[in-house]
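Let's walk through this model together, starting with the open spaces and then turning to the strands around them. Keep the 3D view handy as you read.

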Amino acid sequence: MVSVKGFVWKAEAHDQVAQGHFGAGKFHREMLELSKMDKVSITAASVKEVNPLGEVSLLIDTQITDKNHPFMEWDDNGSTLKLDEAMIAKEVCKVFAGKFINRKERFVVPLYDNKCMVVVSVENIAPINVKNYQSYGMIVATEGEEETDILCKARNPKQLKINSTRIKEKQVFKKDVNF
């Protein structure tokens, strides 16, 4: 495990990357705020615990390659894609099974036979142990059911609607009421 600017990853050797260098794709460079020519320090990460997460907040965007998939659901005017939060959460759990997820990480999850690319940005993570302030952790999932609460929010609500079974938060008290 290595740490780069506070993000933790599993590092593997690659024959096309010279010794003393590391390869990063577009999402990783954006996340790390690096250009292709920047130099950065890489250190061995001292992972003492897996830091199980209680909650992960995700910002969701999509790139559609073909709107005509039989399982894609669109609103009445055909401009807003509807995705189930549970389906996104299940796919994120598959991607991060046994791996660390970092705060501010970006990654892509393909859906509908690669006709819909879900671009996911991790807005925040909340560990189960509230005294833990690490910027990474592991999603807890057992037998296909995630125990980590994965919250999804659309980056552009005009293009994407996240269907959720959650109870919407409602304000019970007025803000300026004195008790």
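The largest pocket has a volume of about 820 Å³. Here a pocket is an open set of points on a 1 Å grid over the protein atoms alone, where a 1.4 Å probe fits, with protein on both sides within 12 Å along at least five of seven lines; lining residues have an atom within 4 Å of a point. Grid points are joined across faces, edges and corners, and the volume is the space filled by probe spheres set on the points. This is a predicted model, in which local features need pLDDT of at least 70 and side-chain atom pairs count only at pLDDT 80 or more, while totals for chains, interfaces and linings use all residues. Residues are numbered from 1 along each chain as its sequence is written, and side-chain values use heavy atoms, with hydrogens and water left out.

Back to that pocket: 31 residues line it, and Trp9, Lys10, Ala11, Glu12 and Gly23 are the closest to its centre. Strand E1 (2-4), strand E2 (7-9), helix H1 (26-32) and strand E8 each put at least two residues into the lining. These labels come from DSSP runs, numbered from the N terminus: helices are H or I with at least four residues, strands are E with at least two. By class, the lining splits into 18 nonpolar, 8 polar and 5 charged residues. For that count, Ala, Val, Leu, Ile, Met, Phe, Trp, Tyr, Cys and Pro are nonpolar, Asp, Glu, Lys and Arg are charged, and the others, Gly among them, are polar.

The second largest pocket holds about 350 Å³ of space. Of its 17 lining residues, His21, Phe22, Gly23, Lys36 and Asp38 lie nearest the centre. Its lining has 8 nonpolar, 5 polar and 4 charged residues.

Which residues of E8 sit on its covered face? They are Phe107, Val109 and Leu111, while Arg106, Val108 and Pro110 make up the uncovered face.

E8 pairs with E9 in the antiparallel sense over 6 bridges; strands count as paired if DSSP finds at least two bridges between them. Within this pair, Phe107 stands opposite Val120 of E9. The hairpin leaves 4 residues between the two strands, and one of its residues, Tyr112, has a positive phi near 50°. Most residues other than glycine have a negative phi. Tyr112 is buried, with a relative accessible area of 15%; buried means under 20%, exposed over 50% and partly exposed in between, using a 1.4 Å probe and protein chains only.

Lys104 also has a positive phi, near 75°. Lys104 lies in the loop between strand E7 (100-102) and E8, and counts as partly exposed because its relative accessibility is 49%.

E1 and E2 are joined by 3 bridges, and Val4 stands opposite Phe7 in E2.

Another open sheet of 3 strands runs E5-E6-E14, with mixed pairing. Strand E5 (73-74) and strand E14 (160-163) each have a single partner strand, so one side of each is left without a neighbour in the sheet. Strand E6 (residues 81-84) runs parallel to E14, with 4 bridges joining them; Asp84 has Asn163 in E14 as its bridge partner.

Finally, the cysteines. Cys93 counts as buried because its relative accessibility is 11%, and Cys152 counts as buried at 13%. How many disulfides turn up in a search of the whole structure? The search finds 0, taking a disulfide as a pair of cysteine sulfur atoms within 2.5 Å.
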